[in-house]
Structure formats: C-alpha cells, structure tokens
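Let's take a friendly walk through a protein model. Have a look at the structure first, and then we'll go through a few spots together.

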Amino acid sequence: MARGRATDLGVRNQMIQQRPNGVSQRQIGRTFRLAQSTVYSIMKRFTTTGNSRPEKAPGRKLALNDREIRLFCGHIRKNRHMAVADLVTWARQSFGKTISETSTHRYIKRCGYAFYKDRRKPFLTSSNKRRRVVWAKSHRIWTPSQWEKVLWIDESLFEVSYGNIGRKEIKMKDEANDPTCYKRVVLKASSVMVWGCLAANGVDNLHFCTGTIRAPDYIRVLEVNLRP
C-alpha cells in the first residue's frame, strides 16, 4: 500500500475483528501487508476513541496567514462588487504571494461570504430621504384610531412574459434564415400594472390598468374601487 494513503475502512474493521482472537499485531500486519507501526496506530485509535475511521487529514497549508486573511475579509467587506479576477490581482500585489482563483473562492467562503444576486432597491435621493424623515417624525405620535382612518394605496408592475420563448429547433447549417426555424424572442417583456389598496378594515379589489394612466384615469380607478 502506498505511503501516506489512509488504510481502507473495511480493512481496518477486519483487523479489529482479529484482535480479540489473540492474533499478534505482527501477524495482522503480515496478513494485510501493512507495517507494524500502521497496525499499532489503528489499534491504538480504536482503543482510545472506539472508532476505526482514520483522522481527517489537515489538508494543504494555507497560503495566507491569519493577519492576511483578516485583511482579505476587510477588503471584501469594502468592495462587495469586485470580480474574482480583480481580487486575485489585489491579493497578489498586496501579499506578494501566488494565489489562484480557486484559492480566492476558498478564502471568500472562509470569510463567511458567498456570491448572491443583488437585491433590488429603489434609489432614494437626499430630498426623498429628508421628506420621509419629516413625514415619519410628524406622524410618530399618531394614535391607533388615527391610523385606522388611513388608506394605503400602491401600484405594482408584473411581467407576464420575458426572455426567449420556445424550444431549440433542429435544423441544418444552411437553414439559418428559414422562417420555419425562427425562435420567438421577447425584446420588451409584456407587463401589466395592478392597483390595490388596504386599510385597517381589510383590503379592496385589485384593478388591472391598461394603457397609460393619466390623472382622469386614476380618479376613475379610485371612484370605481374605493368603498364608501
């Protein structure tokens, strides 16, 4: 058996089964073609832990030390949209060590980070923020009876189709411009605007808006859907 390779678990169990029968470690080593020191280590581990499984290998030594890993984590925290290739370049220049993209992915995971899709959030200007703070401060002392008189309304846009529609076609190379082999593609996704409202006593009906909604159209939506 090659040096440095862990002994198979099945072989370990067979060796341990021969132990109560009075078979010596030297004889067990000859039977399984193992060094006596290997047999001794396996028996000692089973005696002390009651488990015959080999210990987990420590793995390859990290290229970065603890201080460099902390600096790496801090750099990620300040540059969350940085590409992996740029992180590799930064790490090589900062630490003077050869680090691959695979190792960079491991360090990112070691720092507790992973790659996720950005969550969308509406952009707020300084003026928007100031108005919201003023509104919140002016309404923070409202009583529950006052909030029960408030009607909350909002509109949302829902996409009903997007991306490429249809399956791949089986065609020859010279059939690229054959109309029967075209694939439908949605350049501008179809969408629908939905209006809704809610209050302390419940929610009202949803209204599906069509076309461009102007002031007279919006007033008509309120007249039709709002309850007295």
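## Buried or exposed?

A residue counts as buried under 20% relative accessible area, exposed over 50%, and partly exposed in between (1.4 Å probe, protein chains only). This is a predicted model, where local features need pLDDT of at least 70, side-chain atom pairs count only at pLDDT 80 or more, and totals for chains, interfaces and linings use all residues. Residues are numbered from 1 along each chain as its sequence is written, and side-chain values use heavy atoms, leaving out hydrogens and water.

## Val203, out in the open

Val203 sits in strand E3 (residues 202-203); helices (H or I, at least four residues) and strands (E, at least two) are DSSP runs, numbered from the N terminus. With a relative accessible area of 59%, Val203 is exposed.

## His75, tucked away

At a relative accessible area of 15%, His75 is buried. If you skip neighbours within four places in sequence, His75 is in contact (heavy atoms within 4.5 Å) with Met82, Leu87 and Trp90.

## Helix H5 and its hidden side

Which residues of H5 are buried? They are Val84, Leu87, Val88, Ala91 and Phe95. They cover an arc of only 100 degrees around the axis, so they are on the same side of H5; the arc is that of the directions from the helix axis to the C-beta atoms. In general, an α-helix has 3.6 residues a turn, so residues three or four places apart point the same way.

The cover over the buried residues of H5 includes H4 and helix H6 (101-110). Just after H5, Gly96 takes a positive phi of about 65 degrees.
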